[in-house]
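Let's walk through this one together, from its open space out to its surface and back along the chain. Keep the viewer open as you read.

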Amino acid sequence: MSPERAGIDLETSLGYLLKEASSALRSAMEDVLRPLGMSVTHYSCLELLAQRPGLSNSELARGAFVTRQTMNVLLQALERDGFVTRATHAPVGKALPTRLTPRGRRSLDTATAAVRGVELRMLSGMTAAEQSAAFHSLQSMVRALRAGSGD
């Protein structure tokens with residue numbers, strides 16, 4: 001790197017490596033989900049609803065790391081295709097709670113097995129102690145970044 005420019009050395013940047021790992025993980029997940037007719041966002045939405053039934057569009061968007069508009073379009077398609085149901089009237093405020101249908105649950109079960117395989121492959125070169133240390137390190141990074149941004 002030239003002395004005039006004090007940039008980030010991509011070869012040693014942890015942030016760049018995290019982005020590369022994130023990209024590789026997303027690509028591997030897309031590869032196993034595509035034959036199931038799903039995207040990562042589609043899968044994430046179903047997984048969030050399985051773990052937290054009744055989430056609103058905004059809550060799902062935050063959990064899946066997409067905009068509310070993107071999530072709204074996805075929810076309309078998932079509802080049309082019978083994967084989720086949404087209340088016609090909001091019980092409180094304007095948020096319409098969303099729930100998985102039996103078809104959505106079956107689809108999620110198949111996708112979860114595929115995604116679990118990707119995660120196992122990703123962790124295959126690490127010991128249990130290394131996995132635990134990585135998990136705690138990543139949690140610490142997220143906490144530090146969120147504390148600095150006011151989230």
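What follows is a tour of a pocket, a surface patch, some salt bridges and a few distances.

First, the ground rules: this is a predicted model, where local features need pLDDT of at least 70, side-chain atom pairs count only at pLDDT 80 or more, and totals for chains, interfaces and linings use all residues. Residues are numbered from 1 along each chain as its sequence is written, and side-chain values use heavy atoms, with hydrogens and water left out.

Let's begin with the empty space. Rolling a probe the size of a water molecule over the atoms shows where such space is left. The search here runs on a 1 Å grid over the protein atoms alone, and a pocket is an open set of points where a 1.4 Å probe fits, with protein on both sides within 12 Å along at least five of seven lines. The largest pocket holds about 2,100 Å³; that volume is the space filled by probe spheres set on the grid points, which are joined across faces, edges and corners.

Who lines it? The lining of the largest pocket runs to 42 residues, where a lining residue has an atom within 4 Å of a point. Nearest the centre you'll find S22, L25, F65, M122 and L138. Two or more lining residues come from each of α1, α2 (40-51), α3, α5 (102-123) and α6 (128-149); these helices are DSSP runs (H or I, at least four residues), numbered from the N terminus. Helix α6 gives the largest share of the lining, 11 residues. By class, the lining has 25 nonpolar, 10 polar and 7 charged residues. In that scheme Ala, Val, Leu, Ile, Met, Phe, Trp, Tyr, Cys and Pro are nonpolar, Asp, Glu, Lys and Arg are charged, and the others, Gly among them, are polar.

For context, most residues other than glycine have a negative phi. F65 counts as exposed because its relative accessibility is 72%, and the cut-offs are under 20% for buried, over 50% for exposed and partly exposed in between (1.4 Å probe, protein chains only).

L138, one of the residues nearest the pocket centre, also turns up in a nonpolar surface patch with L14, L17 and L18, and together they have about 350 Å² of accessible area. Areas like that come from the Shrake-Rupley method with a 1.4 Å probe, and for residues only the protein chains shown count as cover. To join such a patch, a residue needs over 30% relative accessible area and no salt bridge, and nonpolar side chains (Val, Leu, Ile, Met, Phe, Trp, Tyr) are linked within 5 Å. Helix α1 (residues 14-33) supplies the largest share of the patch, 3 residues.

Now for the charges. A salt bridge here is a side-chain nitrogen of Lys or Arg within 4 Å of a carboxyl oxygen of Asp or Glu, and the count comes to 5. One of them joins E30 and R26 at 3.8 Å, N to O. These two are 4 residues apart in helix α1, so about one helical turn separates them. E30 is buried because its relative accessibility is 17%, while R26 is partly exposed at 41%. Another bridge pairs D31 with R34 at 3.4 Å, N to O; D31 is partly exposed at 45% and R34 is exposed at 52%. R86 and E79 also pair up, with their closest N and O atoms 3.5 Å apart.

Finally, some distances along the fold. P35, in the loop between α1 and α2, is exposed at 68%. P35 and A111 are 76 residues apart along the chain, and 9.9 Å separates their C-alpha atoms. L108 in helix α5 is buried, at 1%. L108 and G148 are 40 residues apart in sequence and 35 Å apart in space, C-alpha to C-alpha.

Terms used. Patches are made of residues with over 30% relative accessible area and no salt bridge: like charges are joined within 9 Å, nonpolar side chains (Val, Leu, Ile, Met, Phe, Trp, Tyr) within 5 Å.
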